[in-house]
Amino acid sequence: QLQASGGGLVQAGGSLRLSCIFSGGTFSSYAMGWFRQAPGKEREFVAVISWSGSSTQYVNSVTDRFTIFRDNAKNTVYLQMNSLKPEDTGVYSCAAARGMGKESGRYEFWGQGTLVTVSS
């Protein structure tokens with residue numbers, strides 16, 4: 001089970017930190033990803049981190065602004081979002097997969113999502 005939190009309303013240029021708590025399994029066995037879905041658009045890959053935290057990947061539009069990291073002792077993955085833009089608005093969901101990847105189909109478990117709204 002995955003539980004995401006930390007979304008909210010923020011002005012452009014602001015920051016938010018999303019959290020996702022994993023329960024019911026071995027967190028350190030999974031790569032963890034963040035996806036987002038903007039209104040009227042398809043779900044989009046944002047970032048992924050390996051089970052150890054040593055490897056990360058990002059969609060080009062968030063590179064140098066977002067950072068994904070994890071704390072395996074707390075069964076939690078985070079997404080630090082800085083310099084937010086209105087186009088970052090959407091529902092952000094965390095997901096767990098056995099290996100890293102950008103394809104949503106490889107992810108076995110999904111959280112419910114948390115809404116991020118960036119005003120201009």
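Biologist: Over how many bridges do E9 and strand E10 (residues 107-110) pair?

Modeller: This is a predicted model, in which local features need pLDDT of at least 70 and side-chain atom pairs count only at pLDDT 80 or more, while totals for chains, interfaces and linings use all residues. Residues are numbered from 1 along each chain as its sequence is written, and side-chain values use heavy atoms, with hydrogens and water left out. Strands are DSSP runs (E, at least two residues), as helices are (H or I, at least four), numbered from the N terminus, and two strands pair if DSSP finds at least two bridges between them. Ala95 stands opposite Trp110 in E10, and the antiparallel pairing of E9 with E10 runs over 3 bridges.

Biologist: Which residue of E9 is the bridge partner of Met32?

Modeller: Strand E4 (residues 31-37) and E9 pair in the antiparallel sense over 7 bridges. Within E9, the partner that Met32 meets at its bridge is Ala96.

Biologist: Which residue in E11 is the bridge partner of Gly90?

Modeller: E9 also pairs with strand E11 (residues 114-119), in the antiparallel sense and over 3 bridges. The partner of Gly90 in E11 is Val116.

Biologist: How many of the 8 residues of strand E9 (residues 90-97) are buried?

Modeller: Buried means under 20% relative accessible area, exposed means over 50%, and partly exposed lies in between, with a 1.4 Å probe and protein chains only. Strand E9 is largely enclosed by the rest of the structure, because the number of its 8 residues that are buried is 7.

Biologist: Why is the pair of Phe22 and Phe27 tilted?

Modeller: The structure holds 8 aromatic pairs, where rings of Phe, Tyr and Trp (its six-membered ring) pair if their centres lie within 6.5 Å, and planes under 30 degrees apart count as stacked, over 60 as edge-to-face and the rest as tilted. The ring centres of Phe22 and Phe27 are 5.4 Å apart, and the pair is tilted because the angle between their planes is 50 degrees.

Biologist: Which residues do ring pairs link into a cluster with Phe22?

Modeller: Phe22 is buried at a relative accessible area of 4%, and Phe22 forms a tilted aromatic pair with Tyr30, at 5.4 Å centre to centre and 40 degrees between the planes. Tyr30 counts as buried too, at 6% relative accessibility. The cluster linked by ring pairs joins Phe22 with Phe27, Tyr30 and Phe109.

Biologist: Over the ring of which residue does the charged end of Arg70 sit?

Modeller: A charge sits over a ring if NZ of Lys or CZ of Arg is within 6 Å of the ring centre and within 35 degrees of the ring normal. The charged end of Arg70 is 4.2 Å from the centre of the ring concerned, which belongs to Phe27.
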